[in-house]
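Subject: Structure handover and notes

Hi,

Here is the structure I promised to pass on. Please open it beside this email and follow along.

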Amino acid sequence: MIPSERLWGLLALLALPMALAGFFPGLGGAVLALDALALVLAAFDFLQARRVRLEVRRTLPERLNVGVANRVEVNLVHRGGGTVRVRVKDEAPPSFATEPDEAALSLKPDSQTQWVYRATPVKRGKFNFGDVHVRVTGPLGLVSHERAFPAAKSVSVYPDLRGARRLLLSGAALDLVNLGLRQLRRDGRGSEFARLRDYAQGDSVRDVDWKATARRGRPVTRVLESERSQALLICVDAGRSMAAQVDGLTKLDHAVNAALFLAFVAIRNGDRVGLALFADGVKAYLPPAAGRGQYRKLVDTLYSATPSLTYVDYLALFKELNVRLNRRSLLCVFTDFLDEEQAHTLVAPLHRLARRHVPLCLSVKDTALQKLLRTPPSGPEEAFQHAVASELLTDREVLKARVSRGGVQMLDVAPDELSLAAVNRYLDIKARGVL
């Protein structure tokens, strides 16, 4: 039995005449009778609340996306007469952010009511939902009866795959314009023959197919597209600097989301995609391969990846790549440049790899430092923070300039732009025939 504010208010009102009973002897009996009546009414209210017949069921996706407000539905079935007031609270994993936390609902007789809330995981992995708790208020509003409906369920939190799913559902042409991507097929550019079409104004004379033109009696253009079945190796840094939080997720989470989106587009484009997860050594390696089965392996490998609180050994990574990669490949290295001492060991071996492969470095901008610099300091402590942030960003720019030399391409973008920036640069490299 959970007393309501109404019951406490009623008892408080009855306490005043009880205090006056010392001065008016005849008043005490009446007050005790009223107190007893209030308790009887509370007991009646509790029994009525207990008699309410409810069925509760939770519905949620088998796989949730990290950093995404996932939809969770709680369905309540009221089997009985009279309108019932309840408060509902779901037992979500403690690390999840839920909005709203609970809900006050009014259940009509013999009806089904749905409550929808959003659960936002901040980490990948396996998590457990508990029971659904419902507090039923009695018809008099004096007390409530709380009950727990068994609804324990284990869920998996995966990287944010919404962009890949959207591409998959958009059909053969892919919904590239709405997603902000460039075209996968670059007509008139590339190295593989795609088809013939009638000449259009603006076509290069070099693309005219003279034999087809002679046969058809009108100008015909030869259309090329980017070569397929090329190799892309995605290298994801899982070192200590990738544990830093940016816009609610770790830098590793942002890198994993972008890596899987890039892998999905590349596999759909007919290329072979591999993975190297590294920190103080290579933690996991998948050789480049094509097909949906390979994409599932990439998802399963990155699903449980967590930052290691260790230094990053770039030399160990590149030594392994020198041994494993026999074919010219596009190397997409998702890493961080805030740890200057470690990142300096990246430059020389990366430049050596650029002689055989096409390296592309991708990093997440530290938006917190940039935001700090945009805010004028209000005192000595803020001025010191400004100076430190400015020095860190200056060192980062110097390091980026060093990395960019020697044929290494560089992208340093905001977290919400990383996926699209990575895919668009991949498409650009394909279209220019660099591989």
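Below are my notes on strands, a helix and a cavity.

First, a caution: this is a predicted model.

**Strand S20**

Start with strand S20, residues 329-334. Six of its six residues are buried, so S20 is largely enclosed by the rest of the structure. Both faces are covered. Ser329, Leu331 and Val333 lie on one side, and Leu330, Cys332 and Phe334 on the other.

S20 has these partners. Strand S15 (residues 231-237) pairs with S20 in the parallel sense, over six bridges. Strand S21 (residues 358-364) also runs parallel to S20, and five bridges join them. Leucine 330 is a handy landmark in S20: leucine 232 stands opposite leucine 330, and leucine 330 stands opposite valine 358 in S21.

**Helix H6**

Next, look at H6, which runs over residues 251-268. Does its length fit its residue count, or what span should we expect? At 1.5 Å a residue, the 18 residues of H6 should span 26 Å, and the end C-alpha atoms are 26 Å apart, which agrees. After H6 comes glycine 270. Its phi is positive, near 90 degrees.

**The second largest cavity**

The count comes to two cavities of 30 Å³ or more. Which element gives the most? H6 does, with three residues. By type, the lining has seven nonpolar residues, one polar and no charged.

**The antiparallel sheet**

Last, find the open sheet of five strands. The order is S1-S11-S10-S5-S7, and the pairing is antiparallel. Strand S1 (2-3) and strand S7 (102-107) are the edge strands, and each pairs on one side only. Inside the order, strand S5 (residues 84-90) and strand S10 (residues 132-137) run antiparallel and are joined by six bridges. There, arginine 85 stands opposite threonine 137 in S10.

Best wishes

Definitions and conventions:
Residues numbered from 1 in each chain as written. Predicted model: local features only at pLDDT ≥ 70, side-chain atom pairs only at ≥ 80, totals over all residues. Heavy atoms only, no water. 1 Å grid on protein atoms, 1.4 Å probe; cavity = no way out; pocket = protein on both sides within 12 Å on 5 of 7 lines; lining within 4 Å. Points joined across faces, edges and corners; volume = space filled by probe spheres on them. Helix = DSSP H or I, 4+ residues; strand = E, 2+ residues; numbered from the N terminus. Nonpolar A, V, L, I, M, F, W, Y, C, P; charged D, E, K, R; others polar. Buried < 20%, exposed > 50% of the residue type's maximum accessible area, 1.4 Å probe, protein only. Pairing = 2+ DSSP bridges. Expected span 1.5 Å × (residues − 1).
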